[in-house]
Every structure is written in structure tokens, then in C-alpha cells.
Amino acid sequence: VSAWGIPTAEAIRAVRSSTPGTALIGSGGVRTGVDVAKALALGADAAGIANPLLRPATISAEAVTAALNQIESELRIAMFCSGARTVPDLRAGRLVETIS
């Protein structure tokens, strides 16, 4: 069962290369702002996040806002650490290394 499905990173790359003009949302296993940065760097236009927001959603709207603020902060830190000033900088491709 552990080999079920296609890893998100692989799926993003495959879809982006085969349909370059299509809007692409990376989702599945996206939990943090670093995961969002990875999805964007691989070619996604946006990232879908559900699991990390479920528990805060049972508490309050403020808890969801706090969780989203944390994810945004992590994304900003990941972009800073990678030298990407903008989302297009993440997509420039220079940040993604292929491992054989």
C-alpha cells in the first residue's frame, strides 16, 4: 500500500511539462510553507493545503488564521533562504536539482 499513487513532486513536474499553459495546483502531502515553496519551485501555480487546517477549523476562525499565518511565514523564510525574492524566482528552475 505504501507504493500507492504518484508522489506530489513527480506529478507536478509531469503535468507541468506536458501541459505548460494549464493552471496547476499542487496538493497531497503539502503541510508547511516549505512544502508550498517546493510545489511552486516544481511548477505549480498554487498549493492546496487541507490537513494542517482541519484541527484549527474545529477551534475557531482565529485558529485557522494563525495556522495560515504560520504557513505564510514558513513560505517567506523558505523563499529568503533560497534567494527567491518573488514566486517567479522560485519557478525560474535554478532552485530545483534533479537527483538520478
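Trainee: Which residues does Val36 touch, not counting residues up to four places away in sequence?

Mentor: In this predicted model, Val36 touches Val30, Ala47, Ile49, Ile71 and Leu75, once residues up to four places away in sequence are left out.

Trainee: How are two packed helices described?

Mentor: Two packed helices are described by the angle between their axes and by the distance between those axes. Here the axes of helix 2 and helix 4, the latter spanning residues 61–82, come within 7 Å and cross at roughly 55°. Because of that angle, helix 2 counts as oblique to helix 4, and the crossing in which helix 2 passes helix 4 is right-handed.

Trainee: Which residues make the contact between helix 2 and helix 4?

Mentor: From helix 2 come Gly33, Val34, Val36, Ala37 and Leu40, while helix 4 brings Ile71, Glu74, Leu75 and Ala78. Sorted by class, the contact of helix 2 with helix 4 has seven nonpolar residues, one polar and one charged.

Trainee: How many residues make up the largest nonpolar core?

Mentor: The largest nonpolar core has twelve residues in all, among them Val36, Ala37, Leu40, Ile71, Leu75 and Ala78. Helix 2 and helix 4 each supply at least two residues of this core, and its largest share, five residues, comes from helix 4. There is also a second, separate core of five residues, which includes Ile12, Leu24, Leu42 and Ala44.

Trainee: Does Ala41 count as buried or exposed?

Mentor: Ala41, which lies in helix 2 (residues 33–42), has a relative accessibility of 14% and therefore counts as buried, since buried means under 20%.

Key: Residues are numbered from 1 along each chain as its sequence is written. This is a predicted model: local features need pLDDT of at least 70, side-chain atom pairs count only at pLDDT 80 or more; totals for chains, interfaces and linings use all residues. Side-chain values use heavy atoms; hydrogens and water are left out. Helices (H or I, at least four residues) and strands (E, at least two) are DSSP runs, numbered from the N terminus. Buried means under 20% relative accessible area, exposed over 50%, partly exposed in between (1.4 Å probe, protein chains only). Axes are lines fitted to C-alpha atoms, for helices over the stretch in contact, and angles run from 0 to 180 degrees between N-to-C directions. Angles under 35 degrees count as roughly parallel, over 145 as roughly antiparallel, 65 to 115 as roughly perpendicular and the rest as oblique. A crossing is left-handed if the near helix is turned anticlockwise from the far one by less than a right angle, and right-handed if clockwise. Contact means heavy atoms within 4.5 Å. Ala, Val, Leu, Ile, Met, Phe, Trp, Tyr, Cys and Pro count as nonpolar, Asp, Glu, Lys and Arg as charged, and the others, Gly among them, as polar. A nonpolar core is a set of buried Ala, Val, Leu, Ile, Met, Phe, Trp, Tyr and Cys residues joined through side-chain atoms within 4.5 Å.
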